[in-house]
Each structure stands twice: as structure tokens, then as C-alpha cells.
Amino acid sequence: MRLFVEDRSRSLAASRLPIARLLGIGALLIGGLCISSALFIQARAVARRDLRDAVLEKSEKRVELLRTRMLGSMDVLQSMASLFAARPSLTGDEYTRFVAGALIRQPELQGLGWAP
């Protein structure tokens, strides 16, 4: 009888062992999944922040370039106003020679018309 009880206790212990192993493996898998998810979320946040910073930096450079070009164009207009103030009887040929340099230097200016 003692042998039968001993065998039965061994078989119960043996049957609990795979369950404990499965629970341990499951806990490790869940823990690994949680850590992987946390690292993924962190990496995605860093990538989004880097992308946002790159876009912001590029847009700031574009705005500065646009501002510089607009100021250059405004300088041309101011110099034209000064030319007309200095020479009220300006001819079309003189005007064309005056603005030719500005049109070459500033390709964003597509034309400066003569309308007396």
C-alpha cells in the first residue's frame, strides 16, 4: 500500500511539473512581449520626434530663404523708386538697362515692366 501512495504522490508531482514549466514559459513570453512592445513604442516616439525636428529645421531654412529673396526683390523695387525720383524723365531704354542686372542677379524676378 505504501508503494501505491508513494507512486501516486510522484505522479501528482510529475503532473504539476509541466504546468509549472508552462506557466514559467508563458510568464517569460508575456514579459518579453511587454518589453518588446515598450521598446517599439519608445523607438517609434524617437523616430517621430526626429522626423518632426527634421521637417521643422527644413521649413525654417525655407522660410529664411524666402525672406532673403523677398528682401532682395524689395531692394530692387526701392532702387527703382530712387531712380525715378532722381530722373523723372527716364526713357524705356534706360529703364531696361537699369533692371537688366537685377533680373540676372535674381532669377525669382520674372520681369519688371515699363509702364510710364
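1. Lys 61 and Glu 57 lie four residues apart in helix α1, so about one helical turn separates them, and their side chains meet in a salt bridge at 3.5 Å, N to O. A salt bridge here is a side-chain nitrogen of Lys or Arg within 4 Å of a carboxyl oxygen of Asp or Glu. Lys 61 is exposed at 55% relative accessible area, whereas Glu 57 is partly exposed at 44%; buried means under 20%, exposed over 50% and partly exposed in between, with a 1.4 Å probe and protein chains only.

2. The model is predicted, with local features needing pLDDT of at least 70 and side-chain atom pairs counting only at pLDDT 80 or more, while totals for chains, interfaces and linings use all residues. Residues are numbered from 1 along each chain as its sequence is written, and side-chain values use heavy atoms, leaving out hydrogens and water.

3. By the salt-bridge rule the count comes to four, including one between Glu 64 and Arg 67, whose closest N and O atoms are 3.2 Å apart. Glu 64 is partly exposed at 42%, and Arg 67 is partly exposed at 46%.

4. Glu 94, a buried residue of helix α2, forms a salt bridge with Arg 87 at 3.1 Å, N to O, and Arg 87 is partly exposed at 38%.

5. Ser 73, found in helix α1, residues 2-86, counts as buried at 16% relative accessibility. Leaving aside neighbours within four places in sequence, Ser 73 is in contact (heavy atoms within 4.5 Å) with Gln 106, Glu 108 and Leu 109.

Terms used. Helices (H or I, at least four residues) and strands (E, at least two) are DSSP runs, numbered from the N terminus.
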